[in-house]
Amino acid sequence: MQDILSVSNLSKTYASGFHALKNINLAIRRGEIFALLGPNGAGKTTLISIICGIVNASAGQVTVAGRDIVRDYRAARSMIGLVPQELTTDAFESVWSTVSFSRGLFGKPANPAHIEKVLKSLSLWEKKDNKIMTLSGGMKRRLMIAKALSHEPQILFLDEPTAGVDVELRRDMWQLVRELRDTGVTVILTTHYIEEAEEMADRIGVIRKGELILVEEKTELMHKLGKKQLTLQLQQPLAQLPASLNGRPLALSADGTELTYTYDAQGPRVGIAELLKDLGDAGIPFKDLHTTQSSLEDIFVSLVHDEGKSR
């Protein structure tokens, strides 16, 4: 798949000496949904702001469809739509006027049919003549997305788009994201709702302390780093594990009623059959069992935690 966005050796150091980004290299494919994850202060918003021309880089290069964001700013920027975290709109403008004005800022000719389509897709059509100051918080969030889509961008950045919004809006927004991806729009999002990234993203990037520590296909990431757990509910509590089970990746619950076995489901020897036999030989009966698999959130937390320990 062809790359639409290329970030090469990108760094940002503020006047205070703070290194917000450190030698970032990233290629985004045309038509994919890419989720950028990281704790607060990791550099997500700084990276987006540089690509969108809001913040200047200290070093490195960014190109959008081959156009440099500094040397060919106007053409590169016209291909990008940004939905920022903060709601920044003119309170006294109408919904229709502010979305139409946003399109004009990028030199695009008037296209009422496109503006109508965008407003209807975001359930804003009935509010088109309302002043922005009369809209609810959720409606203002929808309006920010409409403004970002007004000039028909090829890349859409969503910076924490569902923070503080209701469940209905979140569902509508992800449906819109899928539809945009299906039409060829590349979507790059940051989110604190990791389950959304797990559901929506094609690839995952993890950033920590200004460094991109991982970029991986979501399915491959969960295949390589995801673990499975087998939990057995015991018929009688155990005070401790018998010596015959030492060396196995087993954990006994605090009350002694559950045993948890962690294993790699893709490994050459899962060892469940052997474990159950050893439990029987040790005279440890169980009454129930179930398996669970690591979520993307589990993997993200372990990645950030492991990186923190290694530094």
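Modeller: Quick term first: helices and strands here are DSSP runs, numbered from the N terminus. And keep in mind that this is a predicted model.

Biologist: Okay, how many helices and strands are in the protein?

Modeller: The protein has 10 helices and 14 strands.

Biologist: And what share of the residues is buried?

Modeller: Of the 311 residues, 42% are buried.

Biologist: What about contacts, how much comes from residues 24 or more positions apart?

Modeller: Such pairs make up 70% of the contacts with a separation of 6 or more.

Biologist: How does the lining of the largest pocket split by class?

Modeller: There are 10 nonpolar, 8 polar and 3 charged residues in the lining of the largest pocket.

Biologist: Now the second largest pocket, what's its volume?

Modeller: That pocket comes to about 330 Å³. It has 14 lining residues, with His114, Lys117, Val118, Leu180 and Thr183 nearest its centre.

Biologist: Which helices give two or more residues there?

Modeller: Helix H4 (112-121) and helix H6 (167-182) do. The largest share, 4 residues, comes from H4. By class, the lining of the second largest pocket has 6 nonpolar, 5 polar and 3 charged residues.

How values were computed. Residues are numbered from 1 along each chain as its sequence is written. This is a predicted model: local features need pLDDT of at least 70, side-chain atom pairs count only at pLDDT 80 or more; totals for chains, interfaces and linings use all residues. Side-chain values use heavy atoms; hydrogens and water are left out. Buried means under 20% relative accessible area, exposed over 50%, partly exposed in between (1.4 Å probe, protein chains only). Contact means heavy atoms within 4.5 Å. Ala, Val, Leu, Ile, Met, Phe, Trp, Tyr, Cys and Pro count as nonpolar, Asp, Glu, Lys and Arg as charged, and the others, Gly among them, as polar. On a 1 Å grid over the protein atoms alone, a cavity is a set of points where a 1.4 Å probe fits but cannot get out, and a pocket is an open set with protein on both sides within 12 Å along at least five of seven lines; lining residues have an atom within 4 Å of a point. Grid points are joined across faces, edges and corners, and a volume is the space filled by probe spheres set on the points.
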